[in-house]
Amino acid sequence: MPKRRDPWLDNAKTVLIVVVVVGHAVILLPAGDLRSQLYDFIYYFHIPAFVVLTGYLSRSFAWNRRHLTALVYTLVVPYVLFEWLMANFRVLIGEVSSIEVLQPLWLNPHWPMWYLIVLVIWRLATPVLKLHWAMVPASVVVSLLAGSVNLELFDLNRALGLLPFFVIGLHLPRAALAAAQARGTGLLGLAVLAWIWWLAGHTDDHWGTQWLYYRAPYDELGATFGDGVWIRLRLLGIGLAGTLALLSLVPRRRGRFTKAGYYTMGVYLLHGFVLRWAMVQGYDDWMPGDGWASVAITVTLAVALALGLAWPPLAGRLLWVVDPITTALEFRRRRRAAPRLPAPR
């Protein structure tokens with residue numbers, strides 16, 4: 001009997017992938033203070049939240065043939081395929097003049113493919129990272145020290161910078177998630193997100209937006225090592241607070257969009273093609289200005305795009321593109337398992 005899925009986890013995956021798409025769509029808005037505040041607001045917590053949940057769902061990973069094969073099929077193959085597809089798509093729509101502009105492909109991943117290769121790195125390290133809770137403070141030290149070096153290969157800067165969120169997810173007890181789902185926590189979560197919204201309006205008073213990517217080294221961001229460590233430490237705390245706040249608002253019961261949580265990888269890999277096309281077509285010129293009307297339109301369209309790509313009848317077919325090997329193997333297994341009708345006499 002197949003294991004019953006936790007509707008709260010699927011709802012959380014749905015909420016997070018929608019927030020990711022909205023965060024990427026915000027950059028299409030006409031430039032202005034509102035766009036900057038909304039963008040920073042989302043980036044304070046949406047990547048940390050995605051990483052924490054990814055870590056939580058990676059706890060069972062082990063160095064065995066089944067898991068390593070699945071890692072290749074579900075992450076490495078899509079990374080190689082979609083890194084190439086995105087590069088060629090950007091040439092096709094005229095965003096860049098030639099694919100040489102985007103070199104080196106695969107070694108230095110391009111938006112948003114970095115997450116796939118970084119997740120491969122994290123998953124391979126999981127058996128070590130989950131050995132003891134002391135890996136949580138150790139990962140914080142690694143993140144703080146990583147800001148002093150520039151490791152662009154496979155986006156190692158981000159892999160190390162965001163590592164604490166992944167390790168926290170690995171060690172996050174189910175009781176902590178239960179506490180986040182308790183009645184009354186939603187009000188606290190809204191208060192935390194309201195504070196982050198206020199903070200997003202004053203980001204440049206403390207640090208630039210580039211700090212929210214956990215990518216560039218401290219010196220490139222104009223900070224000394226000591227100042228950089230202090231800034232990143234605070235950002236780690238803000239990211240974790242925002243993560244817990246967002247999770248406290250996730251619906252607990254199975255609902256209309258719960259099943260969208262099954263197909264988050266397809267949404268993540270495919271939404272960028274639509275957004276890149278819209279950007280080249282001059283999306284910001286279509287908007288009525290840099291105010292709330294444009295925000296409302298853009299957020300609505302982004303939510304519709306995310307949920308549309310996760311619509312089961314479509315998403316099930318897109319699996320042939322998103323995860324071709326696993327889908328083909330599953331299709332073959334089902335065909336073999338299907339009962340055969342007797343031949344007519």
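This is a predicted model: local features need pLDDT of at least 70, side-chain atom pairs count only at pLDDT 80 or more; totals for chains, interfaces and linings use all residues.
Student: Then where is P288 found?

Tutor: P288 is in the loop between helix 13 (283-286) and helix 14 (292-309).

Student: Is P288 buried or exposed?

Tutor: Use the cut-offs: buried is under 20% relative accessible area, exposed is over 50%, and partly exposed lies in between. P288 has 58% relative accessibility, so it counts as exposed.

Student: Which residues is P288 in contact with, leaving aside neighbours within four places in sequence?

Tutor: The partners of P288 are A293, S294 and I297. Now look along the chain. P30 is 258 residues away from P288 in sequence, yet their C-alpha atoms are separated by 9.1 Å.

Student: Next, helix packing. How are two packed helices described?

Tutor: By two numbers: the angle between the axes and the distance between the axes. Take helix 2 (residues 33-57) and helix 4 (residues 114-129). Their axes are 12 Å apart, at an angle of about 40°. That angle makes helix 2 oblique to helix 4.

Student: What is the handedness of the crossing where helix 2 passes helix 4?

Tutor: Right-handed. Then read off the side chains. Helix 2 brings I47, F50, V51 and T54, and helix 4 brings W114, Y115, L119, W122 and R123. By class, this contact of helix 2 with helix 4 has seven nonpolar residues, one polar and one charged.

Student: What about helix 12 and helix 14: at what angle do they pack?

Tutor: About 135°, with the axes of helix 12 (residues 264-280) and helix 14 10 Å apart. Helix 12 and helix 14 are therefore oblique to each other. Helix 12 passes helix 14 in a right-handed crossing. V267, L270, H271, V274 and L275 of helix 12 meet L305, A306 and L309 of helix 14. The class count for helix 12 with helix 14 is seven nonpolar, one polar and no charged residues.

Student: How do helix 15 and helix 16 cross?

Tutor: At roughly 120°. The axes of helix 15 (residues 312-322) and helix 16 (residues 324-337) come within 6 Å. Helix 15 and helix 16 are therefore oblique to each other. On the helix 15 side, L319, W320, V321 and V322 make the contact, and on the helix 16 side P324, T327, A328 and F331 do. By class, the contact of helix 15 with helix 16 has seven nonpolar residues, one polar and no charged.

Student: Now the interior. What tends to happen to nonpolar side chains in soluble globular proteins?

Tutor: In such proteins they tend to be buried together. In this model, the largest nonpolar core has 97 residues.

Student: Which residues of the largest nonpolar core touch the most other members?

Tutor: Y44, W122 and L235. Helix 2 gives the most to this core, with 15 residues. Zoom in on Y44. Not counting residues up to four places away in sequence, Y44 touches I196, L199, A200, T203, W207, L212, L235, I238 and G239. There is also a second, separate core of five residues, including A87, V96, L102 and L105.

Student: Where is the place of G228?

Tutor: G228 is in helix 11 (residues 225-247). With a relative accessible area of 0%, G228 is buried. Beyond its neighbours within four places in sequence, G228 is in contact with W211, Y218 and A223. G228 and N157 are 71 residues apart in sequence, and 14 Å apart in space, C-alpha to C-alpha.

Student: Last, backbone torsions. What is the phi of W106?

Tutor: Near 70°. That is a positive value in a residue other than glycine. W106 is in the loop between helix 3 (65-92) and helix 4. At 31% relative accessibility, W106 counts as partly exposed.

Student: And what is the phi of F154?

Tutor: About 55°, again positive in a residue that is not a glycine. F154 is in the loop between helix 5 (135-146) and helix 6 (156-161). F154 has 29% relative accessibility, so it counts as partly exposed.

Note on methods
Residues are numbered from 1 along each chain as its sequence is written. Side-chain values use heavy atoms; hydrogens and water are left out. Axes are lines fitted to C-alpha atoms, for helices over the stretch in contact, and angles run from 0 to 180 degrees between N-to-C directions. Helices (H or I, at least four residues) and strands (E, at least two) are DSSP runs, numbered from the N terminus. Angles under 35 degrees count as roughly parallel, over 145 as roughly antiparallel, 65 to 115 as roughly perpendicular and the rest as oblique. A crossing is left-handed if the near helix is turned anticlockwise from the far one by less than a right angle, and right-handed if clockwise. Contact means heavy atoms within 4.5 Å. Ala, Val, Leu, Ile, Met, Phe, Trp, Tyr, Cys and Pro count as nonpolar, Asp, Glu, Lys and Arg as charged, and the others, Gly among them, as polar. A nonpolar core is a set of buried Ala, Val, Leu, Ile, Met, Phe, Trp, Tyr and Cys residues joined through side-chain atoms within 4.5 Å. Buried means under 20% relative accessible area, exposed over 50%, partly exposed in between (1.4 Å probe, protein chains only).
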